[in-house]
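Welcome! Take a look at it first, then read on.

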Amino acid sequence: MQNPASVNAEFSKLRVAIVHYWFVGRTGGERVVEALAEIFPQADLFSLVADHSTLAPVLRTRKLQTSFLQRIPGAKNFHRHLLFLQPFALEQFDLSDYDLVISSESGPAKGVITSPNACHICYCHSPMRYVWDMYPEYRRTMRFPVSLVFSLTAHYMRLWDHASASRVDYFVANSRFTASRIRKYYGRESTVIHPPVEVAAGKISGQTGEYYIAIGRLVEYKRFDLAIAACTKLGRQLKIIGAGPCEGALRRMAGPTVEFLGQVTDAELRQNLAGCRALLFPGGEDFGIVAVEAQSFGKPVIANACGGALETVRGVFSNQRELENPTGVFFTESSVSGLTNAMLEFESMEKEFHPEIIRQHSLQFDSAIFQRRISEFIASAVRDFRARNQVDNARVDKIFDAFARA
């Protein structure tokens, strides 16, 4: 392990650019950028669009350059509808003066064009779901002619997204699940470094709550509909934190035991987590920071057994209680009955979950661990990149010398 002081001294000499797809909220992707900005206080920021009111304090004083999409009226709210323009917008950024470029990828970000002498590291939260594995689901929600336009745009984006992966020197994935998707869609290997979670802010309340909780952006793939339907069917209290395009439809299907809290402050989020009974996590997430946050408060997680939840939750499966020190319950059938059965399973064994053990499990995802691991990785990658470039340059010189003598 490197001395942190020597790593920081090495980093201070680098001209650094951090490219993030868009700053329009403060979710997991933005928290990764904030952690990177702390490591690189000299870094400049680049983004397709940005709502400056959403920026964390560590980012507000940074030089932030947005693309021409920022000048389109309403772009901060409808940037996803400008998908066909995003590759062109990214390629207009001038990154020729930087030694190190770190792209934060979920929407397009890695497609920037860098100097041949710049090391490009992509921290991939997820290959773009809406053009790859979740493309059929997104398309089914659209009517003609919007579906046709989306299909043509997605085809173009897939070609560009795959091609732009070759512009990255080193990939980092936020989970093993994401690493497998990077391998499938880009044909590239990656190093898994879990994203930072503020587990130090968690605390054990000492009381068992009476309500379940579900947290996140209200979009289709997070499957809040399953949580609402299950709690309505069982007559259980459910608090939903978050906002998004599916909110209207979700409110219409909700029963009297479901409460929508909307967007809340960090303090309110922590208060609600501390007082809940368990977190419902019914969607398939690439990592799922909220599942770790809930466990940092000693709260069990009832999760769909797929994606990042398999890496963040020590879940028991139905009728298989032999797992020592579980932190949650898994369900395998992505349906209302699958979730209700898991909830009933959880309630029947609720006393077997120990808040102190659950919180201890969450500590492996602490922000400090991310800072150390990503710092060590970047330092190693930059040295490797420079060593390979020296070899390549020497090889090119020999080729030209041989050509000159011929």
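Cysteine 276 has its closest cysteine sulfur in cysteine 231, 12 Å away, which is too far for a bond. This is a predicted model, where local features need pLDDT of at least 70, side-chain atom pairs count only at pLDDT 80 or more, and totals for chains, interfaces and linings use all residues. Residues are numbered from 1 along each chain as its sequence is written, and side-chain values use heavy atoms, leaving out hydrogens and water.

**Cysteines**
- The count of disulfides (pairs of cysteine sulfur atoms within 2.5 Å) comes to zero.
- Cysteine 276 is buried (under 20% relative accessible area, with exposed meaning over 50% and partly exposed in between; 1.4 Å probe, protein chains only), because its relative accessibility is 0%.
- For cysteine 119, the closest cysteine sulfur belongs to cysteine 122 and lies 12 Å away, too far for a bond.
- Cysteine 119 is buried too, at 2% relative accessibility.

**The sheet**
- Strands β5 (residues 119-124) and β6 (residues 170-173) pair in the parallel sense over four bridges, where pairing takes at least two DSSP bridges.
- Isoleucine 121 has tyrosine 170 in β6 as its bridge partner.

**A helix residue**
- Leucine 148 sits in helix α7 (residues 146-164), a helix being a DSSP run of H or I with at least four residues.
- Leucine 148 is partly exposed, at 40% relative accessibility.

Notes: Helices (H or I, at least four residues) and strands (E, at least two) are DSSP runs, numbered from the N terminus.
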